[in-house]
Amino acid sequence: MADPAHLPIPRRGTLEGPRIRLRPPEPGDLSLLFRWLNDPEAIAPWDRFEVESYRALEEALHHAPEDDLSLAPRFLMLRKPEDVPIGVVGYFSSYRALDTMDVWYAITLRDQRGQGLGSEAVELLVDYLFSHRMLERVGATTDVENPASVRLLEKLGFRREGTLRRALFHHGTWHDVAVFGRTRSEWSGDPGH
Ligand SMILES: CC(C)(COP(=O)(O)OP(=O)(O)OC[C@H]1O[C@@H](n2cnc3c(N)ncnc32)[C@H](O)[C@@H]1OP(=O)(O)O)[C@@H](O)C(=O)NCCC(=O)NCCS
């Protein structure tokens, strides 16, 4: 029987790429995730992610599979072949009144950035969303001053759809945010789809 002091995290499958495996969080990942999500050096300088308490993270991971609005990490990014955890990715229903999902992503081990691993992980996540969900669009937003994130999205075929001015507050000031989207037909390469 499960320990009632610990909330179980519902299980989902893993997603496999050549160098990256995306695996849903497990109870043994909690302390690592808690450390990462509270470490401004791991996620910063482009964004702000935080969790109030260990228990709040545990609850967020427990409820996330049934909650499309959840910003909790959906998968750990593991680098093959040793399966070293290097980051996290997530998705969430970005506009409550619309039928679209946004992806988010962070390589928390800085020395693992700039090697194409983030692109691989985000593409796996996009494949997963278009394959498993009735979506016509997958989106992403990023600080306009985050060149790695902007370039990653452009490289994967996301189109810049606009700018949300002064939409994100972090590090003591307001930032403009670029809105990107990729449609199902752009993903599949089939204009009739
Ligand atoms: C954004 C992030 C996930 C990108 O992952 P990554 O593995 O470093 O990116 P990739 O190696 O796949 O590179 C993707 C593209 O961006 C370019 N790029 C990577 N880092 C860059 C940088 N610092 N400046 C400019 N371009 C950069 C790459 O050259 C590549 O483009 P190319 O193939 O045309 O050369 C990673 O840098 C990160 O975790 N940053 C901190 C967290 C964050 O900003 N998350 C996004 C919040 S919206």
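1. Helix axes here are lines fitted to C-alpha atoms over the stretch in contact, and angles run from 0 to 180 degrees between N-to-C directions. Helices (H or I, at least four residues) and strands (E, at least two) are DSSP runs, numbered from the N terminus. Two packed helices are described by the angle between their axes and the distance between the axes. With that in hand, look at helix 1 (residues 30-37) and helix 3 (residues 54-63): they pack at an angle of about 110°, and their axes are 10 Å apart. Helix 1 is therefore roughly perpendicular to helix 3, a label for angles of 65 to 115 degrees (under 35 is roughly parallel, over 145 roughly antiparallel, the rest oblique).

2. Which residues make the contact? Helix 1 brings Leu30, Leu33, Phe34 and Leu37, while helix 3 brings Tyr54, Leu57 and Glu58. Contact means that the C-beta atoms of two residues, placed from the backbone, lie within 7 Å. By class, this contact has 6 nonpolar residues, no polar ones and 1 charged one. Nonpolar covers Ala, Val, Leu, Ile, Met, Phe, Trp, Tyr, Cys and Pro, charged covers Asp, Glu, Lys and Arg, and the others, Gly among them, are polar.

3. A word on the basis of these notes. The model is predicted: local features need pLDDT of at least 70, side-chain atom pairs count only at pLDDT 80 or more, and totals for chains, interfaces and linings use all residues. Residues are numbered from 1 along each chain as its sequence is written.

4. Now the whole chain. The protein chain has 6 helices and 8 strands, and from the N terminus on the order is β-β-α-α-α-β-β-β-α-β-α-β-β-α. Of its 193 residues, 30% count as buried. Buried means 20 or more other C-beta atoms within 10 Å of the residue's own, exposed means 12 or fewer, and partly exposed lies in between, with C-beta atoms placed from the backbone. Among contacts with a separation of 6 or more, 51% join residues 24 or more positions apart.

5. Do look at the ligand. It is surrounded by 21 residues, and the closest are Arg113, Gly118, Ser119, Ala148 and Arg151; a residue is included if its C-beta atom, placed from the backbone, lies within 6 Å of the molecule. Strand 5 (101-107), helix 4 (117-132) and helix 5 (147-155) are the elements giving two or more residues to this shell. Helix 5 has the largest share, 6 residues. The shell divides into 9 nonpolar, 8 polar and 4 charged residues.

6. Leu78 lies in strand 3 (residues 75-79) and counts as partly exposed because it has 19 C-beta neighbours inside 10 Å. Ile20 is 58 residues away along the chain, yet the two C-alpha atoms are separated by 5.6 Å. Leaving out residues up to four places away in sequence, Leu78 touches Ile20, Arg21, Arg23, Asp83, Val84 and Pro85.

7. Most residues other than glycine have a negative phi, and most peptide bonds are trans. A cis peptide bond joins Lys80 and Pro81, with omega about 0°; Pro81 sits in the loop between strand 3 and strand 4 (84-93). Arg166, in strand 7 (residues 159-170), has a positive phi of about 50° although it is not a glycine. His171, in the loop between strand 7 and strand 8 (173-183), also has a positive phi, near 50°. Arg166 is exposed, with 11 C-beta neighbours inside 10 Å, and His171 is exposed with 11 other C-beta atoms within 10 Å.

8. Is Trp187 buried or exposed? Trp187, in helix 6 (residues 184-188), is buried, because 22 other C-beta atoms lie within 10 Å. Trp187 touches Val126, Phe130 and Arg182, not counting residues up to four places away in sequence. Phe158 is 29 residues from Trp187 in sequence and 9.0 Å from it in space, C-alpha to C-alpha.
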